[in-house]
Amino acid sequence: MIKTSSCIFSFLVVICFLVVVAFGGTFDQEFDVTWGYGRVKILENGQLLTLSLDRSSGSGFKSKQQYMFAKIDMKIKLVPGNSAGTATTYYLSSVGSAHDEIDFEFLGNVTGEPYTLHTNVYAQGKGDREQQFYLWFDPTKDFHTYSILWNPRNIIFLVDGTPIRQYKNLEATNGIPYPKNQPMWLYSSLWNAEEWATRGGLVRTDWSKAPFIASYRNFNAQTSKNPIANSWLTQSLDNVGLARMKWVQKNYMIYNYCTDTKRFPQGFPHECTLN
């Protein structure tokens with residue numbers, strides 16, 4: 001599904017595997033609570049984290065370390081039942097007005113209606129590169145793995161190992177900004193977004209259902225500290241991966257900024273014709 005430059009010697013494959021295993025820690029070791037204190041719970045000896053949202057406040061956490069290119073995996077179980085008006089975010093971001101950012105956002109809905117998975121990429125402070133999807137499963141029934149692969153070649157968003165979006169680095173050849181110079185922290189939060197999250201704000205949060213809870217497991221980060229051992233640093237999608245991504249986009253994509261003629265009447269952003 002993902003192609004990569006092969007290791008020079010076969011024993012490096014074993015090293016790659018060992019590095020992958022080494023970077024997963026417990027939530028109390030890897031993250032700090034950033035807001036909503038008392039609404040963030042770390043359970044099961046650090047193996048489970050939950051965020052809670054009520055009428056007074058949401059909650060969030062942030063990685064203790066920054067990442068300069070990384071492969072991030074997290075298992076998340078989203079708010080069940082009537083989650084309309086809630087937003088669960090999971091993203092990499094630097095800081096400042098010219099920040100870079102790679103976003104997963106999960107927008108809740110009324111019971112029986114699908115979540116919207118919102119993705120975006122910011123480079124040098126500019127975003128507006130939204131793609132949105134429905135999921136092909138109920139993300140509230142069990143944990144599912146949401147991954148960000150960010151390397152010098154491309155950014156790949158994956159759900160349970162299936163690529164749903166690829167954003168290529170076209171900066172050198174076409175001058176399109178790409179996140180490549182700013183280390184980023186990993187953030188996640190659960191908050192009240194009823195003004196816009198569900199049907200543009202038409203459906204509001206039912207606070208009688210609070211507290212709303214999202215759950216996290218199995219955080220894993222592969223970093224660029226040892227580039228020889230980290231084959232993901234050169235990964236991109238092969239033909240199988242591209243076919244799987246196209247299947248998702250054909251069947252489950254509900255919004256693509258690259259096809260929004262009302263938003264871009266003078267022509268689409270340059271990367272839309274190249275990605």
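I call a residue buried under 20% relative accessible area, exposed over 50%, and partly exposed in between, using a 1.4 Å probe and protein chains only. The model is predicted, so I took local features only at pLDDT of at least 70 and side-chain atom pairs only at pLDDT 80 or more, while totals for chains, interfaces and linings use all residues. Residues are numbered from 1 along each chain as its sequence is written, and side-chain values use heavy atoms, with hydrogens and water left out.

**Aromatic rings**

I looked up ring pairs, meaning rings of Phe, Tyr and Trp (its six-membered ring) with centres within 6.5 Å; planes under 30 degrees apart count as stacked, over 60 as edge-to-face and the rest as tilted. The structure holds 17 aromatic pairs. In one of them, Trp136 and Phe137, the ring centres are 5.6 Å apart and the planes stand at 90°, so I noted the pair as edge-to-face. Trp136 is partly exposed, because its relative accessibility is 28%. Phe137 has a relative accessible area of 17% and is therefore buried.

I also found a cluster linked by ring pairs, made up of Phe27, Phe31, Phe61, Tyr216 and Phe219.

For charges over rings I required NZ of Lys or CZ of Arg within 6 Å of the ring centre and within 35 degrees of the ring normal. The charged end of Lys62 sits over the ring of Trp185, at 4.1 Å from the ring centre.

**Helix H4**

Helices (H or I, at least four residues) and strands (E, at least two) are DSSP runs, which I number from the N terminus. H4 covers residues 239–252, 14 residues in all, and reaches 20 Å from its first C-alpha to its last. That is close to the 20 Å expected at 1.5 Å a residue, where the expected span is 1.5 Å times one less than the number of residues.

I listed the buried residues of H4 as Gly241, Met245 and Val248. They lie on the same side of H4, because they cover an arc of only 60° around the axis; the arc is that of the directions from the helix axis to the C-beta atoms. An α-helix has 3.6 residues a turn, so residues three or four places apart point the same way. On the face turned away from the buried side I found the exposed residues Asn239, Val240, Lys246 and Lys250.

At the N-terminal end, Asp238 caps H4, with a side-chain oxygen 3.1 Å from the backbone nitrogen of Val240. A polar contact here is a pair of N or O atoms within 3.5 Å; within protein, one must be able to donate a hydrogen and the other to accept it, and residues adjacent in sequence count only if both atoms are side-chain atoms.

Ser57 is in the loop between strands E4 (48–53) and E5 (59–63). I have Ser57 as buried, because its relative accessible area is 18%. Leaving aside neighbours within four places in sequence, Ser57 is in contact with Trp35, Gly36, Arg39 and Ser52.

Glu30 lies in helix H2 (residues 27–30). Glu30 is 34 residues from Lys64 in sequence, yet their C-alpha atoms are 5.7 Å apart.

**Backbone**

I noted a cis peptide bond between Ala210 and Pro211, with omega about 5°. Gln124 is not a glycine but has a positive phi of about 55°.

Note on methods: Contact means heavy atoms within 4.5 Å.
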